[in-house]
Amino acid sequence: MKRGQGADLRMATIVEQLVPIKPKPADVWDVERIRKDFPVLSQTVNGRPLVYLDNAASSQVPVMVIERGSQYLQQEHSNIHRGVHYLSMKATTAYEGAREKVKRFISAREAKECIFVRGATEGINLVMHGYGRKFIGVGDEIIISAMEHHANIVPWQMLCEEKGARLRVIPMNDAGELLLDEYDALLNEKTKLVAITHVSNALGTVNPIKGMIDSAHKYGVPVLIDGAQSAPHMPIDVQDLDCDFYAFSGHKMFAPTGSGVVYGKASLLERMNPFQGGGDMIKSVTFEKTIYADLPNKFEAGTPAIASQIGLGAAIDYLNIIGREKAAAYEHELLRYATERLSAIEGVRIIGTAREKLSVLSFVIDSVHPHDIGTILDQQGIAVRAGHHCAQPVMKRFNIPATARASFAFYNTKEEVDQLAQAIEKVIEVFG
Ligand SMILES: Cc1ncc(COP(=O)(O)O)c(C=O)c1O
């Protein structure tokens, strides 16, 4: 076989395997216009124009969100819910307005089902404490998958340890797709919760969660979806999915850090214990007894990240303006292009070749540690993530210590992908 021929074959298979998200033509996407909304993108890093490909870790924030935060701080800053004065009422209206936007964004039935948290991690921990500690006991089973972020592993391990419950893990194949037959075989009358990621942050796999939720519900088992990587990149309808919980982080979807949401069906949230105790989550307190507030306040003890959550509302406005489906179609095109470019490079191995993928392209180069890849790319102004991506079991499954990961957003361009590919070729040259 001639040099490069193997790569061609590999590329053809990997690219063909990707199922197009469909419908909107990506060529109507005015990426240069969109990029103007993100001031951070127009800087140089190490003397080169910044190429930001670490969106799965944290995405960038558009001017519209920055200005909304600034307006809040300059003209509305105050504590919420408690004050009767003008500023407090303004801040409360903005904060609760953001909750309404979240409700529409994920098609929840009611705004009170959308609990503001610091991010997906806190959302999952809220469900662990509020639901898990109350309803899961000795001998019960919790099912997660082999491709979970540590945020959707460790809380359940902690719960299992505390309660004497058992963690079961859905395995995956070499492409990074869950083995659904094995999942079906794991479900039984001892299963008390299924907690799975919608999209893998380490592999990019989009899991067929609707069917998986249906299967769990046949056993009366509630399902938590870790939506950290899906909410920013695809339309979400929690009622259509019929998931019981759905957690996501604002900082991965063009909003400030400290913002995020865990959605829960009202019927479940009402039966759960509060997550934290303190101000704003009570109806009344005596030394003998506390009566908790109704939803959503029951789960929002203390002063929340008001400015950040208002920023999340503005990020949702922004996504609605640019068009989520169009953005998703463009991102998918970009992923296809990047997959094509990188898999054509001799020595590059893509980790995660599922048919359904989104936004994330993990790769390794034979005999170069991903940290070295990351450092050399950084010298050329290209930001990728190198490491285990808080998914050590995924690394173990693929028998690698780490990967380099390029992750895309709708403001990235094909030219940036070309720059990435050229920089990778350089890495191979240097280490080759
Ligand atoms: C799939 C997934 N779940 C959970 C998290 C945790 O998100 P956060 O750190 O914002 O709480 C991440 C972050 O990378 C993630 O990718």
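## Buried positions, aromatic pairs and a parallel strand unit

Ala-57 is buried, its relative accessible area being 13%. In this predicted model, Ala-57 is placed in the loop between β3 (51–52) and α3 (63–76), and, once neighbours within four places in sequence are set aside, Ala-57 is in contact with His-251, Lys-252, Arg-385 and Arg-405. The C-alpha atoms of Ala-57 and His-233 are separated by 13 Å, although the two residues are 176 residues apart along the chain.

The mean pLDDT of the protein is 94, and 94% of its residues reach 70 or more. Over residues 1–26, however, pLDDT stays under 50, and for this stretch the model has 38 contacts beyond four places in sequence. Where pLDDT is low, the predicted coordinates should not be read in detail.

**Aromatic pairs and charges over rings**

The count of aromatic pairs comes to 15. In one of them, the ring centres of Trp-29 and Phe-410 lie 6.0 Å apart with the planes at 70 degrees, and because planes over 60 degrees apart count as edge-to-face, this pair is edge-to-face. The pair links distant parts of the chain, since Trp-29 belongs to the loop between α1 (5–17) and α2 (31–35) while Phe-410 belongs to the loop between β17 (403–407) and α15 (414–431), 381 residues apart. Trp-29 is buried, with a relative accessible area of 9%, and Phe-410 likewise counts as buried, at 1% relative accessibility.

A second pair, Phe-254 with Tyr-411, is also edge-to-face, with ring centres 6.2 Å apart and planes at 85 degrees. Here too distant parts of the chain are linked: Phe-254 is in the loop between β9 (245–249) and β10 (260–264), and Tyr-411 is in the loop between β17 and α15, 157 residues apart. Both Phe-254 and Tyr-411 are buried. The two pairs are set out below.

| Pair | Centre distance | Angle between planes |
|---|---|---|
| Trp-29 and Phe-410 | 6.0 Å | 70 degrees |
| Phe-254 and Tyr-411 | 6.2 Å | 85 degrees |

The charged end of Arg-324 sits over the ring of Phe-105, at 3.7 Å from its centre, and Arg-397 lies over the face of Phe-398, where the distance from the ring centre is 5.5 Å.

**Strand β8 and its partners**

Strand β8 (residues 223–226) is covered on both faces, for Val-223 and Ile-225 on one side and Leu-224 and Asp-226 on the other are all buried. Strand β7 (residues 191–197) pairs with β8 in the parallel sense over 4 bridges, and Val-194 stands opposite Val-223 in β8. Together with helix α8 (residues 209–218), β7 and β8 make a right-handed β-α-β unit. β8 also runs parallel to β9, to which 3 bridges join it, and the bridge partner of Leu-224 in β9 is Phe-245.

Thr-197 lies in strand β7 and counts as buried, at 5% relative accessibility. Leaving aside neighbours within four places in sequence, Thr-197 is in contact with Met-147, Glu-148, Asn-152, Asn-207, Ile-209 and Asp-226; of these, Asp-226 is one of the buried residues of β8, and Ile-209 falls within helix α8 (residues 209–218).

Note on methods: Residues numbered from 1 in each chain as written. Predicted model: local features only at pLDDT ≥ 70, side-chain atom pairs only at ≥ 80, totals over all residues. Heavy atoms only, no water. pLDDT = per-residue confidence, 0-100. Contact = heavy atoms within 4.5 Å. Phe/Tyr/Trp six-rings, centres within 6.5 Å; stacked < 30°, edge-to-face > 60°. Helix = DSSP H or I, 4+ residues; strand = E, 2+ residues; numbered from the N terminus. Buried < 20%, exposed > 50% of the residue type's maximum accessible area, 1.4 Å probe, protein only. Lys NZ or Arg CZ within 6 Å of the ring centre and 35° of its normal. Pairing = 2+ DSSP bridges. Right-handed = clockwise from strand over helix to strand, strands pointing away.
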